[in-house]
Amino acid sequence: MQIININGPINSGKTTISKLLAQELNKALFIEVDDLLSDEEQEKLGLTMEQGWKERTDRLAQLIAKEKLLARYQHIVFAYPIADNTYQEWKNFEDKNTKFINITLAPSLEVCVQNRGKRVLSEAEIKRIEEMYQEGYHTRPYADLIIDNSYQTPKETLNEITVFLKKGRR
């Protein structure tokens with residue numbers, strides 16, 4: 001099994017590429033991390049933003065552990081802006097039958113702060129994107145692959161990832 005995280009700052013294309021990748025791969029599950037805890041449920045539970053993200057990643061870890069046991073999928077794909085502590089959590093899922101792969105999307109900051117596709121960014125999102133670039137989300141040293149997708153179509157980015165994954169299986 002491969003557990004594949006598509007990493008990157010807000011608006012880098014993580015969800016778009018993750019969904020396309022899951023469709024492209026054989027026996028793949030896409031997990032939308034944002035859907036693991038709704039804003040309403042987070043508010044009802046009285047969680048801060050940071051606590052909400054921790055709860056989402058805890059639920060993601062539980063779901064991955066369950067799917068590893070059930071062995072229904074060859075690939076689990078999710079989109080999440082990974083930090084040092086969460087990287088190690090995901091690496092802990094590796095064993096002789098499971099590999100964790102971290103692919104980082106890294107469009108230029110100038111491109112990332114623009115409205116791309118259907119998304120219209122808020123001022124708060126633009127500020128957070130700028131912070132994420134300062135924090136290095138686009139250049140994680142533990143990325144297995146970093147793609148500057150500033151001027152690529154989603155299909156071109158997907159092709160680059162699938163070529164990379166096929167090379168890794170040899």
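Guide: Buried means under 20% relative accessible area, exposed means over 50%, and partly exposed is in between (1.4 Å probe, protein chains only). This is a predicted model: local features need pLDDT of at least 70, side-chain atom pairs count only at pLDDT 80 or more, and totals for chains, interfaces and linings use all residues. Residues are numbered from 1 along each chain as its sequence is written, while side-chain values use heavy atoms, with hydrogens and water left out.

Visitor: In what order do the elements of the protein chain run from the N terminus on?

Guide: Helices (H or I, at least four residues) and strands (E, at least two) are DSSP runs, numbered from the N terminus. The protein chain has seven helices and five strands. From the N terminus on, their order is β-α-β-α-α-β-α-β-α-α-β-α.

Visitor: What radius of gyration does the protein chain have?

Guide: The radius is taken over C-alpha atoms, and the globule rule is 2.2 Å times the number of residues to the power 0.38. For 170 residues, a compact globule would come out near 15 Å. The C-alpha trace spans about 45 × 40 × 30 Å along its principal axes. The protein chain agrees with the globule value, at 16 Å.

Visitor: What share of the contacts with a separation of 6 or more comes from residues 24 or more positions apart?

Guide: Contact means heavy atoms within 4.5 Å. Buried residues make up 44% of the 170 residues in the protein chain. Of the contacts with a separation of 6 or more, the share from residues 24 or more positions apart is 71%.

Visitor: Which elements do the buried residues of α4 pack against?

Guide: T86, Y87 and W90 are buried in α4. They line one face of the helix, because they fall within an arc of 105° seen down its axis; the arc is that of the directions from the helix axis to the C-beta atoms. The face turned away from the buried side carries the exposed residues D84 and N85. The buried residues pack against α3, β3 and β4.

Visitor: Which residues does T57 contact, leaving aside its neighbours within four places in sequence?

Guide: T57 sits in helix α3. At 2% relative accessibility, T57 is buried. Beyond the neighbours within four places in sequence, T57 touches Y80 and W90.

Visitor: How far apart are the C-alpha atoms of V77 and I6?

Guide: V77 belongs to strand β3 (residues 75-79). Its relative accessibility is 0%, which counts as buried. Its contacts beyond four places in sequence include I4, L21 and F30. V77 and I6 are 71 residues apart along the chain, yet their C-alpha atoms are separated by 7.6 Å.

Visitor: Which parts does the pair D95 and K68 tie together?

Guide: A salt bridge is a side-chain nitrogen of Lys or Arg within 4 Å of a carboxyl oxygen of Asp or Glu; the structure holds 12 of them. In the bridge between D95 and K68, the closest N and O atoms are 2.8 Å apart. D95 is partly exposed at 38%, and K68 is partly exposed at 24%. The pair spans 27 residues in sequence, so it ties the loop between α4 (84-91) and β4 (99-105) to helix α3 (residues 49-70).

Visitor: Which residues do salt bridges with shared partners join into one network?

Guide: E135 bridges to R128, with the closest N and O atoms 3.0 Å apart. E135 is partly exposed at 40%, and R128 is partly exposed at 25%. Shared partners join one network of K127, R128, E131 and E135.

Visitor: Is N11 buried or exposed?

Guide: Most residues other than glycine have a negative phi. N11 is not a glycine, yet its phi is positive, about 70°. N11 lies in the loop between β1 (2-7) and α1 (14-24). With 8% relative accessibility, N11 is buried.

Visitor: Is A71 buried or exposed?

Guide: A71 also has a positive phi, near 50°. Its place is the loop between α3 and β3. At 54% relative accessibility, A71 is exposed.
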